[in-house]
Amino acid sequence: MLDDLQRPPPPALADDDALFLDVDGTLLAFADHPDKVVPDPPLLTLLASVQQRLGGALALLSGRPVGQLQTMFAPLQLPMAGLHGAQLLTAADAALAESDTASWLHALHQRAMQLAHAHPGVLIENKGQALALHWRNAPDAGAAVIAFANASLPQLPGVRLQPGNHVIEFVGSGHDKGRALQQLMQQPPFQGRRPIFIGDDLTDEHGFQAAQHAGGLGVLVGQRGDSHARSALPDINAVHAWLRAATT
């Protein structure tokens, strides 16, 4: 892993690159509730321009469900991975993962709601194939949330914990953003291109590694020493500026 001072800004986007973008903390700022995060029209126009320049080789890799991403970014039609790769939507609009509620999630959700009642401000987000526990609005509850997650995990075979920015998620152990990137890179219009993945959080580390293993680049948004990303941009505004430069 590299120290922040060793990370240069990414090179200019090339016509034969494939671009993968995280959403929250990368394209859009965090809010006190995930439903309040909405892309504005200029961002949608910018993404459409970059998508056109890359011949369609632009995808979203997010912890949000695919259906939610489609609603947020409409009318754009983008390939995307949701729930950290548990859901995959290709350029051919073929969903490659089930969207039904995971069997292990019901009882866990009930126990998590009891935790939330004991710690006002903790938000439990049921994503169908994943369960996220947010403590952004209850910072003092972070230790209790993490303890709950660690204590619950041994009862959930085939599930792993994915820590993030004031959130920890229960997700299927067979999925992550790196595997999603690899799957998309095997299909048009991504195949044969250099992958660039931009993200901000611990949830994006698998994506950084996968992109760089394929001869591409991981780009960290913000300041964090413990990252595999070889390049960095300081904040969301810098990401938008880098994208705008690719359309001029």
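Modeller: An axis here is a line fitted to C-alpha atoms, for a helix over the stretch in contact, and an angle between two axes runs from 0 to 180 degrees between their N-to-C directions. The model is a predicted one, and what follows should be read with that in mind. With those terms, helix 5 (residues 177-185) packs against helix 6 (residues 205-213) at an angle of about 40 degrees, and their axes are 6 Å apart. On the helix 5 side the contact involves Lys177, Gly178, Leu181 and Gln182, which meet His206, Gly207, Ala210 and Ala211 of helix 6. Sorted by class, this contact of helix 5 with helix 6 comprises three nonpolar residues, four polar ones and one charged.

A second pair is formed by helix 3 (residues 105-118) and helix 4 (residues 142-152), whose axes are 11 Å apart and lie at an angle of about 155 degrees. Because angles over 145 degrees count as roughly antiparallel, helix 3 is roughly antiparallel to helix 4. The crossing of helix 3 and helix 4 is right-handed. Helix 3 contributes Leu108, Arg111, Ala112 and Leu115 to the contact, while helix 4 contributes Ala144, Val145, Phe148 and Ser152. By class, the contact of helix 3 with helix 4 holds six nonpolar residues, together with one polar and one charged.

The largest cavity has a volume of about 380 Å³, and it is lined by 25 residues, of which Asp24, Phe30, His134, Val167 and Glu169 are the closest to its centre. Strand 5 (123-126) and strand 8 (167-172) each supply at least two residues to the lining of the largest cavity. That lining divides into six nonpolar, eight polar and 11 charged residues.

By class, the lining of the second largest cavity has four nonpolar and four polar residues, with no charged residue, whereas 11 of the residues lining the largest cavity are charged.

Key. Residues numbered from 1 in each chain as written. Predicted model: local features only at pLDDT ≥ 70, side-chain atom pairs only at ≥ 80, totals over all residues. Heavy atoms only, no water. Helix = DSSP H or I, 4+ residues; strand = E, 2+ residues; numbered from the N terminus. Parallel < 35°, antiparallel > 145°, perpendicular 65-115°, else oblique. Left-handed = near helix turned anticlockwise from the far one by under 90°. Contact = heavy atoms within 4.5 Å. Nonpolar A, V, L, I, M, F, W, Y, C, P; charged D, E, K, R; others polar. 1 Å grid on protein atoms, 1.4 Å probe; cavity = no way out; pocket = protein on both sides within 12 Å on 5 of 7 lines; lining within 4 Å. Points joined across faces, edges and corners; volume = space filled by probe spheres on them.
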